[in-house]
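Try each one yourself before you read the solution.

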Amino acid sequence: MRKPRDYDAELKALEDKARELRTRKLQQLGDLVIATGADALTAEELAGALLVLAETKDPGRREAWARRGAAFFQGRARRSAPASGSDAVSAPAQPGGTQPPSGSTGAA
């Protein structure tokens, strides 16, 4: 005979995992803001820039931003080279370690 499933325990485990994933996502977004130097912007400036990015439908412009972001992460991976072998995107920013490329204050 099969053992009955404990749906409440399974649901609680899924809720805990979802909460952990949301927390990790927020931490990684914060790390990204710091690593890019965007923490020097006011909350209003950063929100406005993100809104413009989200509203942009021009595929050429979005592709240019994607290439620039990929170059940022590739350069960051070479500079920081995490010893643990973890993904450079999820590695926390080192204080004073990663500097944004010169001239990167505006959107392309």
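**Exercises on a predicted model**

Buried residues, meaning those under 20% relative accessible area (1.4 Å probe, protein chains only), make up 10% of the 108 residues in the protein chain. This is a predicted model, where local features need pLDDT of at least 70, side-chain atom pairs count only at pLDDT 80 or more, and totals for chains, interfaces and linings use all residues. Residues are numbered from 1 along each chain as its sequence is written, and side-chain values use heavy atoms, without hydrogens and water.

**Exercise 1.** Work out the pattern the protein chain follows along the sequence.

*Solution.* Start by counting elements: helices (DSSP runs of H or I, at least four residues) and strands (E, at least two). You get three helices and zero strands. Read in sequence order, that gives α-α-α.

**Exercise 2.** Decide whether Leu26 is buried or exposed.

*Solution.* Find Leu26 in helix α1, residues 7-36. Next, take its relative accessible area, 62%. Exposed means over 50%, so Leu26 counts as exposed.

**Exercise 3.** Find what share of the protein chain's contacts with a separation of 6 or more joins residues 24 or more positions apart.

*Solution.* Take contacts as heavy atoms within 4.5 Å. Keep those with a separation of 6 or more; residues 24 or more positions apart account for 57% of them.
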